[in-house]
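Please look over the notes below with the structure open beside you. They are in numbered points, one topic to each.

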Amino acid sequence: MKRLPAVIVVLFLMVVCLSAPGWTQMGPVKAGSGVKAPQGWYDISVPLKQGMVYYPTDPVPPKIYRYSDRALGSMVTMSMLEIISHTGTHIDAPLHFIADGSTISDMPLDATIGHARVIEIKDPAKIRVAELEKYNIRKGERLLCKTRNSPGVYEASRYTEDYVYLDGDAADYLVQKGIVLFGLDNITIGHAKDGNNVPRTHQALLGAGIYILENCALAKVPPGEYELVCLPLLMYNGDAGPCRAILRPLN
Ligand SMILES: [Zn+2]
């Protein structure tokens, strides 16, 4: 008879724990069949979801799950995100590779909003000066490079080492041309297999104040002129920020 109150207390605590946000850890947020872009726009963002691709040196894979769920008896539905700042489609700020570089919260909004050009890179290995020279790249351009990476590398659940990246000399060339944004359809613009290519390309662009849009989903986007709308999460003094990025054709 004396044990009955203890049982009741335990049952009561179980009910409280299961219904209160903060005590329940549900499963991963289900990936949908796709994300609808506004009509007349291309959505070039990679959705944040459990099982998405991530850079192999990240300390942990992206973890995105329902923290509480009304369907399972909680009062509210809420999600928990455990991700690094370079998850999914994201902007690298100069601070990423430059010690006193500008940050995500310093970023001028016109770095990622305005006229942009998508060019198609044919080289199956890397983006080189010789191919860029054909495009008459102009000062102030927002330049997005579509390569054979689309859509395989960003739709994969695992990182692949087989992707097209930016050559070091090509990064210097883009700096000379005075672009304001460089985008690529891969989670990083450089490649660790090519000597110091990763720091070299990032330091060249970011050192010149050029923001970088990584992991843009360009598979369905034909080369051409676009209006780009893209804003990273406003992380104070952030080195990078996941973003939603959309393109509207201009011709
Ligand atoms: Zn990055």
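Which residue in strand 11 is the bridge partner of Arg-117?

1. Overview. The model is a predicted one. Its protein chain holds 5 helices and 12 strands. Of the 251 residues in the chain, 37% are buried. Among contacts in the chain with a separation of 6 or more, 75% are between residues 24 or more positions apart.

2. Strand 5 and its two partners. The bridge partner of Arg-117 in strand 11 is Glu-225. Strand 5 covers residues 113-120 and strand 11 covers residues 224-232; the two run antiparallel and are joined by 6 bridges. Arg-117 also has a bridge partner in strand 7, namely Leu-143. Strand 7 (residues 142-146) runs parallel to strand 5, with 4 bridges joining them.

3. Strand 10 and its two partners. Strand 10 pairs with strand 4 (residues 90-92) in the antiparallel sense, over 3 bridges. In this pairing Ile-91 stands opposite Leu-213 of strand 10. Strand 10 also pairs with strand 9 (residues 181-184), here in the parallel sense and over 4 bridges. Leu-181 stands opposite Tyr-211 of strand 10. Between strand 9 and strand 10 the chain passes through helix 5, and this β-α-β crossover is right-handed.

4. Side chains of strand 10. In a regular strand, side chains alternate between the two faces of the sheet. Strand 10 spans residues 211-214, with Tyr-211 and Leu-213 pointing one way and Ile-212 and Glu-214 the other. Are these four residues buried or exposed? All of them are buried, Glu-214 included.

5. Helix 4 against helix 5. Helix 4 (residues 168-177) and helix 5 (residues 197-207) pack with their axes 9 Å apart, at an angle of about 0°. Angles under 35 degrees count as roughly parallel, and the two helices are therefore roughly parallel to each other. On the helix 4 side, the contact is made by Gly-168, Ala-171, Asp-172, Leu-174 and Val-175. On the helix 5 side, these meet Asn-197, Arg-200, Thr-201, Ala-204 and Leu-205. By type, the residues of this contact divide into 5 nonpolar, 3 polar and 2 charged.

Terms used: Residues numbered from 1 in each chain as written. Predicted model: local features only at pLDDT ≥ 70, side-chain atom pairs only at ≥ 80, totals over all residues. Axes fitted to C-alpha atoms, helices over the stretch in contact; angles between N-to-C directions. Parallel < 35°, antiparallel > 145°, perpendicular 65-115°, else oblique. Contact = placed C-beta atoms within 7 Å. Nonpolar A, V, L, I, M, F, W, Y, C, P; charged D, E, K, R; others polar. Buried ≥ 20, exposed ≤ 12 C-beta atoms within 10 Å, placed from the backbone. Pairing = 2+ DSSP bridges. Right-handed = clockwise from strand over helix to strand, strands pointing away.
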